[in-house]
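Opening my notebook on this one. I'll jot down what I look up as I go.

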Amino acid sequence: MRVRADRTMGSYKAQIPHLLSSPNPNAKTLKTPLLNPGTPSTRRSLLFSLSSSCGFALFHGKLLQSSFMDALASSFDPVSQAEKDASSVVSRRVSEAVELLERGKELQAQGDFPKALQFFTSVVENYKEFAFSDYARVGRALALYEVGDREEAIAEMEDVSISLKGYPEVHAALAAALYADKHAPLLAENQFAIATLLDPHFTDLSYVIETKHWPPSLELAAAKKAASLSARLCQKVQKALLQSDVQSKNDKSPVTVADYGSQALVSFVLQQEIPADFSLVAEEDSKDLRKDGGQETVERITKLVNDSITSDGSYNVTLSTEDVLKAIDSGRSEGGSQGRHWVLDPIDGTKGFLRGDQYAIALALLDGGKVVLGVLACPNLPLTSIGATGQHSPNNEVGCLFFAEVGGGTYMQPLDGSSAVKVQVTAVENPEEASFFESYEAAHSMHDLSSLIAQKLGVKAPPVRIDSQAKYGALSRGDGAIYLRFPHKGYREKIWDHAAGCIVVTEAGGVVTDAAGKPLDFSRGKYLDLDTGIIVTNQKLMPLLFSAVRESIKEKAASL
Ligand SMILES: Nc1ncnc2c1ncn2[C@@H]1O[C@H](COP(=O)(O)O)[C@@H](O)[C@H]1OP(=O)(O)O
Ligand SMILES: [Mg+2]
């Protein structure tokens, strides 16, 4: 959700839209963990930091400095056993509630809003007697917003803005929600005025982004939802394909249907969730489908898309064939260095999809030509490391969703929706201990060149060959240390084949460059104009890798 500032509006109105990429200040540094001054202060957290810089606990409406609490507890000598018991019940309930609150915040920081909502709701409902349950109400309001229950979210924000007086983030979040969802600019202005009176920093966009880390989490939630639904659609088609007879396996139509279906579904979900200024750069368009004989395929696609929408249950609509064709064609944007554009590969690695191997649904968001968010759904990637072989035991669960926002790190979540974990690229420094990924298809990347590079580096392990951007995902969680991609002469890389993968790796601490050592430039439209190839690894290995790549390219050229 991003509403542009209207230059004719008043000074507050012009400021409110900068909060709108997310009314959820989803990732701020927690300086003062509630009742727990000893924990590290780097945790990403929602709205929970108190304005003071030392540890406080709010309890029965009284503010108690927590460093005194233990002393008070130990010196307190209750008159009766009953009072002693009551006191211990209270402290047990406080720790229970704080634990639930902390868990809710963690889940929220990971983008797992439905689970976070459960934890916050539990505090709100079961621990009403503690004043700090109001902080759970803030979390609940924002989680409700993220899961799409916006009416309830705004009502809760309004209530809590009154009960938690003097808490600027609630007013700022409410300002953004009133502006974007209620289309109530005057009410939004009032809330924004309160927020900025309480904390003038909210007028400063760089403060909102850099200090509060308000990420485009609405976009992230929408992107995760779109990619997950598409992954389900593709899984269904791949399953039917793999169960079919040999003759229909040679038929390319299942991948066609899944490809278009995935694009239509992602486009539909994004437009439902974030209608403002929608722009999508995607691989497919409806030209071929509109030709004679395409009607049956369009009908199959439409059925698939409608089945996916129905199974999700959040949208009460049935799309017509024309709606589906239009959704596909809304991916005709050219991208570029201005504005915000979604970038989609509806099925990356179609060869892998047909073989029953790896493929990915890759969705990213560009802002001013830079990738600010990426989601990679990899329906066949095992949840545990694919290690040095690319293989996994047949009982291993598969289906990973990687997601990253600029400045927020990379997370991986099972596609079944269970909790996300933060991932990091490997810390391996010695190339002898490194393994490398490359394309399964020799036509997509020069295996002889990668082999020369690996040899120069001293890599001992054989290449791990898998299809699609699942390679970026696997590398982001440390399954391997290096990804080498050297398309044959004349091939032009497209932005949708790298945008999501690139941010997933860089936010996990990795480096992605072309073979000349330059970062990938996503600002030039559909194509990446780059030198020779793409190399990916961790910060430590990059200098060594880069030299091996330069030498190998020269050597190969000389031998031709
Ligand atoms: N000749 C080629 N050289 C390099 N990449 C290609 C070539 N043809 C298609 N691709 C694209 O490479 C990507 C997958 O590469 P890999 O799986 O080897 O990493 C896909 O995006 C695929 O397109 P598509 O998305 O249309 O399948
Ligand atoms: Mg692709």
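I started with β14 (residues 482-485) and β16 (residues 534-538), which pair antiparallel over three bridges; strands pair if DSSP finds at least two bridges between them. Helices (H or I, at least four residues) and strands (E, at least two) are DSSP runs, numbered from the N terminus. Y483 has V536 in β16 as its bridge partner.

Housekeeping: this is a predicted model, where local features need pLDDT of at least 70, side-chain atom pairs count only at pLDDT 80 or more, and totals for chains, interfaces and linings use all residues. Residues are numbered from 1 along each chain as its sequence is written, chains are lettered from A and ligands numbered from 1 in the order written, and side-chain values use heavy atoms, leaving out hydrogens and water.

Next I traced the whole sheet: it is open, with five strands in the order β13-β12-β14-β16-β15 and mixed pairing. β13 (464-465) and β15 (510-514) are the edges with a single partner strand each, so one side of each has no neighbour in the sheet.

Then I checked the magnesium ion (ligand 2): its protein donors are D345 (OD), D348 (OD) and D497 (OD), 1.9 to 2.3 Å away. Donors are N, O and S atoms within 2.8 Å of the metal (3.2 Å for Na, K and Ca), and sites may look incomplete because water is not among the atoms. The sequence spacing reads D-x2-D-x148-D. I found D345 buried at 1% relative accessible area and D348 buried at 8% (buried is under 20%, exposed over 50%, partly exposed in between; 1.4 Å probe, protein chains only).
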